[in-house]
Amino acid sequence: MTTNSAPAAASAARDLFGPARLGPLDLPNRLVMAPMTRNRAADDGTPLPIMAEYYAQRAGAGLIIAEATTPNAVGATYPNIPAIYRDTHVEGWRAVTDTVHAAGGRMFLQLQHGGRIGHPETSGLHPVAPSPVPFPDAMHTPSGSRPPVVPREMTVEEIRSTVQDFANAARNAVAAGFAGVEVHAANGYLLHQFLGQDTNRRTDAYGGPVAHRIRFTVEVVRAVVDAIGAERVGVRIAPGVTANAMAEGDTEAIYPELVAALAEIGPAYLHVVFADPDQPLFRELRAAWTGVLIANPVLGWGGPLPEDGGKAAAERLLAAGADLIALGRPFLANPDLVDRLRGGAPVNQVRDSGLMYTGGAEGYTDYPALDRAALAAGV
Ligand SMILES: Cc1cc2nc3c(=O)[nH]c(=O)nc-3n(C[C@H](O)[C@H](O)[C@H](O)COP(=O)(O)O)c2cc1C
């Protein structure tokens, strides 16, 4: 198995708008569109043509990491999220990647199993998780908000088949035209549930000490790397993030051990959510990870985007050693975000957060781009 070699992305002076290398890709800039669930797929998880239009509008990103996509039926989180375990899913995604490539863009696909973040009214199946610890709040389903169900504890057999589902999904993603996949181990979904003490109460080889709690994530990443090659794989982590009612307990112990184990496998990148350059754990992980590090800065939740669209936060993280910068809502609201940040032009705010997770074009493909003359004039 390969280990991380000195990343090409780190060797050049880090200019947000300069080129970088990531796995098999030459990126024209260091700005990455963060994965964002938008609930615009068909009911069976097949990507729809409007998704191709949305992503192609954002092809100026150095890299697009397409939204969380389920590798199997029971892993589905919310209504109308995309999937990648059937031929029809692959065909739907192929239309998206073809359109984005024609527009000059590059794409990875995020693979997400929801674990306890799921509901029988959404997937038709009872959710599974490391332990039978329910999500404490109501769950969004096709028939509206519903009380959560207690997930069923995964058997070791199910853990093994889920690892294979991730590997198959990764092969499907490559067949669909993605340059690679991002394994989602962040934000309170299945892999993160295995990492945290509150959600993982197992007493077998997958629970208890940190070495056991990281095992599932490490097995998934290894299987995905074996399936499609290390240079096509990234991993997203969210140290200390409490999204989806996560309570890790021993954050400072989990991540150094996890990152050391991942470094042995050598995926192309590590993606850190809510990266804070002043946080000791972030600095420790940056020093320990010799591969490409994508950092997603803290721009604040729910409030307005900073007037500069996140540029100052991005540059602080580059100065702190990040190689690439992922932005979410700035890309959601600004199809031409890279041009705007480069030219110092004002950014669109997210118009209505209620439209983030609903179907249709409104709040999705209708955010305006600036015309090039206005951009050149810095308007
Ligand atoms: C509408 C929306 C959907 C999101 N969906 C995902 C997702 O599918 N996978 C994921 O890892 N993070 C997801 N996130 C988190 C973003 O990737 C990002 O970490 C977060 O928005 C903070 O970055 P920002 O302040 O630049 O938006 C989502 C965020 C938003 C706003």
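Visitor: What makes the pairing of the side chains of Asp278 and Arg316 a polar contact?

Guide: The two side chains come to 3.0 Å of each other. A polar contact is a pair of N or O atoms within 3.5 Å; within protein, one must be able to donate a hydrogen and the other to accept it, and residues adjacent in sequence count only if both atoms are side-chain atoms. The pair Asp278 and Arg316 is therefore listed as a polar contact. This is a predicted model, in which local features need pLDDT of at least 70 and side-chain atom pairs count only at pLDDT 80 or more, while totals for chains, interfaces and linings use all residues. Residues are numbered from 1 along each chain as its sequence is written, and side-chain values use heavy atoms, with hydrogens and water left out.

Visitor: Which residues does Asp278 touch, beyond those up to four places away in sequence?

Guide: They are Arg283 and Arg316, where contact means heavy atoms within 4.5 Å. Asp278 itself sits in the loop between strand E12 (269-275) and H10; helices (H or I, at least four residues) and strands (E, at least two) are DSSP runs, numbered from the N terminus. Its C-alpha atom is 9.5 Å from that of Leu317, 39 residues apart along the chain.

Visitor: Why is Asp278 called exposed?

Guide: Its relative accessibility is 52%. Exposed means over 50% relative accessible area, buried under 20%, and partly exposed in between (1.4 Å probe, protein chains only). Asp278 therefore counts as exposed.

Visitor: Why is Arg286 called buried?

Guide: Arg286 has a relative accessible area of 12%, and so falls under the 20% limit for buried residues. Arg286 belongs to helix H10 (residues 280-288). Its side chain reaches the backbone oxygen of Gly321 at 2.8 Å. Among the residues that Arg286 touches, not counting those up to four places away in sequence, are Leu293, Ala320 and Asp323.

Visitor: How do you know that the protein agrees with a compact globule?

Guide: The radius of gyration is taken over C-alpha atoms, and the globule rule is 2.2 Å times the number of residues to the power 0.38. For 379 residues a compact globule would have a value near 21 Å; the protein has 19 Å, and therefore agrees. The C-alpha trace spans about 60 × 45 × 35 Å along its principal axes. Of the 379 residues, 58% count as buried. Among contacts with a separation of 6 or more, 71% come from residues 24 or more positions apart.
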